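Subject: Handing over the structure, with notes on what was found

Dear colleague,

I am passing this structure on to you, and I would be glad if you read the notes below with the sequence and the 3D view open beside you.

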Amino acid sequence: MRAFAYPLALLALATLPAWAQGEATPPTPPAPKPAAEALPSDHAGRLDALFARLKREQDSARAETLANQIQAEWQASGSATTDLLMQRAASAVAAKNMAAALDLLDQAIVLQPTFPEAWNRRATVHYAQDRYGLATADVEETLRREPRHFASLMGLAAMQEEMGRDRQALQTYLRVLDIYPALKDAQDAALKLSDALAGERA
């Protein structure tokens, strides 16, 4: 199922590296990582600090770790009831019961309309059902509450591409890269669209 939980949540099948198959010598072990800086104690402060690090980080693996921390922060609603609704919605999606998932996410949004992740999850469900108008509207609500929501932006760019709006999609991928410069999926997509649009102008 397509989802705005986007490439960070997708696990590709891994093959053994060449050196592990006896085709080359093992790589030099990476240098030890510097000790992590302490994060602020408040939710907004932690997000700001993580986003600042994400924007500076050039190593894709370390950037992904930061992005996962950000996504964990996004999932913290601060409400036990909202959290329960979100968990049940996730279970409904896993069971392919989209009607139930939408009902649960509707309840979460009514209960806590300021919670960006509820809007993002509902956008994901609409997107999975090819309801691009509804998905786009929910993405806009997500971004109104959290303009740095790179996962929602990736979903928006994917829809724009599928609808043939390549110039809009390119601008959206560039917005992602302004927030998360090391995200290879956004880098590749932006390069592909740039090349395609340049070919159209030639």
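Which helices do the buried residues of H7 pack against? They pack against helix H1 (43-56), helix H2 (60-74), helix H5 (116-128), helix H6 (132-145), helix H8 (166-179) and helix H9 (184-201). Here buried means under 20% relative accessible area, exposed means over 50%, and partly exposed lies in between, with a 1.4 Å probe and protein chains only.

Before going further, please keep in mind that this is a predicted model, in which local features need a pLDDT of at least 70 and side-chain atom pairs count only at pLDDT 80 or more, while totals for chains, interfaces and linings use all residues. Residues are numbered from 1 along each chain as its sequence is written, and side-chain values use heavy atoms, with hydrogens and water left out.

The pLDDT (the predictor's confidence in each residue, from 0 to 100) averages 86 over the protein chain, and 81% of the residues score at least 70. Over residues 5-26, however, the pLDDT is below 50, and this stretch has 22 contacts in the model beyond near neighbours in sequence, where a contact means heavy atoms within 4.5 Å. Residues 31-35 also stay under 50, and for them the model has one contact beyond four places in sequence.

The secondary structure of the protein chain comes to nine helices and zero strands; both are DSSP runs numbered from the N terminus, helices being H or I with at least four residues and strands E with at least two. Of the 202 residues, 40% count as buried, and among contacts with a separation of 6 or more, 56% are between residues 24 or more positions apart.

To return to H7, 11 of its 13 residues are buried, so this helix is largely enclosed by the rest of the structure. Among the buried ones are Phe-150, Leu-153, Met-154 and Gln-160. The expected span of a helix is 1.5 Å times one less than its number of residues, which gives 18 Å for H7 (residues 150-162), and its end C-alpha atoms are 18 Å apart, in agreement. Just after H7, Gly-164 takes a positive phi of about 80°.

Another buried position is Thr-82, which has 0% relative accessibility and lies in helix H3 (residues 80-94). Leaving out residues up to four places away in sequence, Thr-82 touches Ser-77, Ala-108, Leu-111, Gln-112 and Phe-115.

Finally, there are the salt bridges, each a side-chain nitrogen of Lys or Arg within 4 Å of a carboxyl oxygen of Asp or Glu, and the count comes to 12. In one of them, Arg-46 meets Glu-73, with the closest N and O atoms 2.7 Å apart. Because Arg-46 lies in helix H1 and Glu-73 in helix H2, the pair ties together parts that are 27 residues apart in sequence. Arg-46 is partly exposed at 21% relative accessibility, whereas Glu-73 is buried at 13%. Asp-178 forms a salt bridge with Lys-55, the closest N and O atoms being 3.4 Å apart. Since Asp-178 lies in helix H8 and Lys-55 in helix H1, this pair ties together parts that are 123 residues apart in sequence. Asp-178 is partly exposed, with a relative accessible area of 46%, and Lys-55 is partly exposed at 46%.

With best wishes
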